[in-house]
Amino acid sequence: QVRLVQSGGGLVQPGGSLRLSCTASQSIFRLYAVNWYRQAPGKQREMVATITAGGSTNYVASVKDRFTISRDNTKNTLYLQMSNLKPEDTGVYYCNIQQIGPYWGQGTQVTVSS
């Protein structure tokens, strides 16, 4: 019922920055918390950041002070600004609405390597 389409990602050197986007197909997006997950090779998927409908945010300890999650409800879009990237940030990143569905984006690869 809700399609999530991601963009961004790519290859970046340690210390670099990337911005991920996730756009929902329906404006009902604005009523729900939205999350970013990532999955590194050989590891389980983990929640990286979350933002509530009201704009409250939370982060996994390993990305706190480096990543910023935000949303623009007028555009039905979720963002993840990633700064000072480290090799351990490498993985496939997914946006997610858990409260309904759940719904998942298609995933986008982030590779941090010199």
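**Reading an eleven-strand model**

Mentor: Asp 65 sits in the loop between strand 6 and strand 7 (67-72). Strands here are DSSP runs of E of at least two residues and helices are runs of H or I of at least four residues, both numbered from the N terminus. This is a predicted model, in which local features need pLDDT of at least 70 and side-chain atom pairs count only at pLDDT 80 or more, while totals for chains, interfaces and linings use all residues. Residues are numbered from 1 along each chain as its sequence is written, and side-chain values use heavy atoms, with hydrogens and water left out.

Trainee: Is Asp 65 buried or exposed?

Mentor: A residue is called buried under 20% relative accessible area, exposed over 50% and partly exposed in between (1.4 Å probe, protein chains only). Asp 65 counts as exposed because its relative accessibility is 75%. Its backbone also deserves attention: Asp 65 is not a glycine, yet its phi is positive, at about 80°.

Trainee: What is phi of Asn 76?

Mentor: Asn 76, a residue other than glycine, has a positive phi near 55°. Asn 76 belongs to the loop between strand 7 and strand 8 (77-82). With a relative accessibility of 14%, Asn 76 counts as buried, whereas Asp 65 is exposed.

Trainee: Which residues does a cis peptide bond join?

Mentor: The bond lies between Gly 101 and Pro 102, with omega about -5°. Pro 102 is located in the loop between strand 9 and strand 10 (103-104).

Trainee: How many disulfides does the count come to?

Mentor: A disulfide is a pair of cysteine sulfur atoms within 2.5 Å. The count by this rule is one: Cys 22 and Cys 95 are paired, with their sulfur atoms 2.0 Å apart. Cys 22 lies in strand 3 (residues 18-24) and Cys 95 in strand 9 (residues 91-97), so the bond ties together parts 73 residues apart in sequence. The torsion about the S-S bond is about 70°, so this disulfide is right-handed. Cys 22 is buried at a relative accessible area of 0%, and Cys 95 counts as buried at 0% relative accessibility.

Trainee: Which residues does Ser 56 touch, not counting residues up to four places away in sequence?

Mentor: Contact means heavy atoms within 4.5 Å. With those sequence neighbours set aside, Ser 56 touches Thr 50 and Ile 51. Ser 56 is placed in the loop between strand 5 (46-51) and strand 6 (57-59), and its 47% relative accessibility makes it partly exposed. Ser 56 and Ala 33 are 23 residues apart in sequence, and their C-alpha atoms are 9.1 Å apart in space.

Trainee: How many helices and strands are there in the protein chain?

Mentor: The protein chain has zero helices and eleven strands. Of its 114 residues, 44% are buried. Among contacts between residues at least 6 apart in sequence, 52% join residues at least 24 apart.

Trainee: What radius of gyration does the protein chain have?

Mentor: The radius of gyration is taken over C-alpha atoms, and the globule rule is 2.2 Å times the number of residues to the power 0.38. For 114 residues a compact globule would have a value near 13 Å, and the protein chain agrees, at 13 Å. Along its principal axes, the C-alpha trace spans about 40 × 25 × 20 Å.
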